[in-house]
Amino acid sequence: MNRLPFVSLLACIMLAGCAASPGPPPVAEPGEEQKQAAEPKNNTANTLEIGIDPIKNGLNPHLVSDDSAFVQSLASLVLPSTFVQGEMDTAVLEKAEEVPVTEPGVAQSVRYIIRKEAQWSDGTPITGADFRYLWRNMVTTPGVIDPAGYESVMQIRTSNSGKTVDVDFRRKVADWKLLFNNLVPSHLFGTGTDSFDQVLEDVVPASAGRYMVRTVDRNRGVVTLTRNDRYWGKKPAVTETLIFREIRSANQGRQMVRSGQVGFLDVTPSEVGVSVFELMPKTQLRIFQRESRLELTFNASTLNTPELRRGVAKQIDAKLIAEIAAGRRTELAVPDFTPSMGAEELPKRVRIAADPADDAAASAAASIVDMLRGKDMNAEVVLSDFEEITGRLLPEGRVDAVVSWQRTTQSSITSASRYMCLPTAERAGNLAGACDHDFDKELLSALASGKYIDGSNFYSQQVLGIPLIEDTRIEVLGVGIVGPNPALEQWPMHQPAGALATAATWRRSDE
């Protein structure tokens, strides 16, 4: 998958203010969008500017390669979800409930009734087609996040012009409320011309949230959102425009907060970043771990015994690799991990893959290879995009390990996704490709009951990998933004995003 830089890519359709149920949007002539989409003036009463990490890949919240605090926050602001933090989104759904099973071979049925007003920002209704599109791509695309719940779906039936959606499961999924969140506008991608790993690569072309993506300027590191005037909910966005600016150093962040150019930061800590921001007057900090961590995952189809994997793991100083990959020693959370005791065997060679767009992953992979070479092992780095790694290199046995971020949410779906035997050769969720049928039974039982199974013992015993870094975040609140509470520590924590997910409720204060 090629991810090319571009300048001021615009959302496919720019919208004027409309009523809750507007007619079809006007058709723009080629190039007309650019004329209409001049960047809004900064520092106005209707604009908030926010600092973020550099965007490493695309904007698809369902892909491991794109996953970040900002991408998850962006999705919460522009894409519709059935449930948010465990509560049904009443702006999207009228009802969501389990219903009696009527179809043969079905273990569970869930019915969603979509509000008739619910629509995308181009006027297209949200329907069961959006559910079906997400489901099909979550079970056929390598490198997606938490696919186990979608793999349990047998079919999706629709009625009432697509506004009533019946999802039939071939096996029970107690945590079904975690599914069908961050729906994607299927009507723009359903022709099959763009694969799922590319549909949100450059921009989100239609919104059904409080905001819509206006521009994405990779060269300048600026993403601009404007209020979605077709949003039908009772609580539209408070502020007209959100401008997200990439912050590349603690010093740059300090200068932008001090000058008032940005009022909030959500960034990865640097060696002295916390100290820099703590010294600033009238500034609040919050540090937390996002539900994600960087890991070295072994390929169980090439390093096909615990002895081989243990032999490699014993050669690696995880703490040192974590420090090099993160570029810091402060605010560095390295997970406690010890491979299980047992016999060790060294493979003839070790090929470690990483996505070059992910600086931390690529740095970790290169450093591990250097460490192994220093111990006279035949090791090499293989740099490729994540779709190629999960779709070909791992299943075809062309690499022996991969360094990437992995979700750590404590849910039955996350556990099942990480450890259940794979239904296809491509790797999604279970990057190691490990398969234990006895453990599978436990995971299936947990999936049906909603019980969380901590797979760390299985992970350690089988030596499936080495956890390296917890995703530590710093949130910095300066002056000029009024959020959910005067105290930043009291702001809602929307995992796996953070406080940015609540930005639709923020307003500017020039006091």
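## Charges and basis of the model

How far apart are the mean positions of the positive and negative charges of the protein? The mean positions of the 53 positive and 65 negative charges are 3 Å apart, where Lys and Arg count as positive and Asp and Glu as negative, with His and the chain ends not counted, and where the place of a charge is NZ of Lys, CZ of Arg, CG of Asp or CD of Glu.

This is a predicted model, in which local features need pLDDT of at least 70 and side-chain atom pairs count only at pLDDT 80 or more, while totals for chains, interfaces and linings use all residues. Residues are numbered from 1 along each chain as its sequence is written, and side-chain values use heavy atoms, with hydrogens and water left out.

## Overall form

The protein contains 14 helices and 19 strands, these being DSSP runs numbered from the N terminus (helices H or I, at least four residues; strands E, at least two). Along the principal axes, the C-alpha atoms fill a box of roughly 70 × 65 × 45 Å.

Of the 511 residues, 57% are buried, a class that means under 20% relative accessible area, against over 50% for exposed and partly exposed in between (1.4 Å probe, protein chains only).

Strand E2 (residues 47-52) runs parallel to E12 and is joined to it by 3 bridges, pairing being assigned if DSSP finds at least two bridges; here Ile50 stands opposite Phe264. Strand E17 (residues 465-477) runs antiparallel to E12, with 4 bridges between them, and Ile474 of E17 stands opposite Val267.

Helix H8 (residues 306-313) is largely enclosed by the rest of the structure, because 6 of its 8 residues are buried, among them Leu308, Arg309 and Arg310. The elements that cover these buried residues include strand E13, helix H10 and E17, with contact meaning heavy atoms within 4.5 Å.

Pro104 lies in the loop between strands E5 (93-99) and E6 (108-114), and counts as exposed at 70% relative accessibility.
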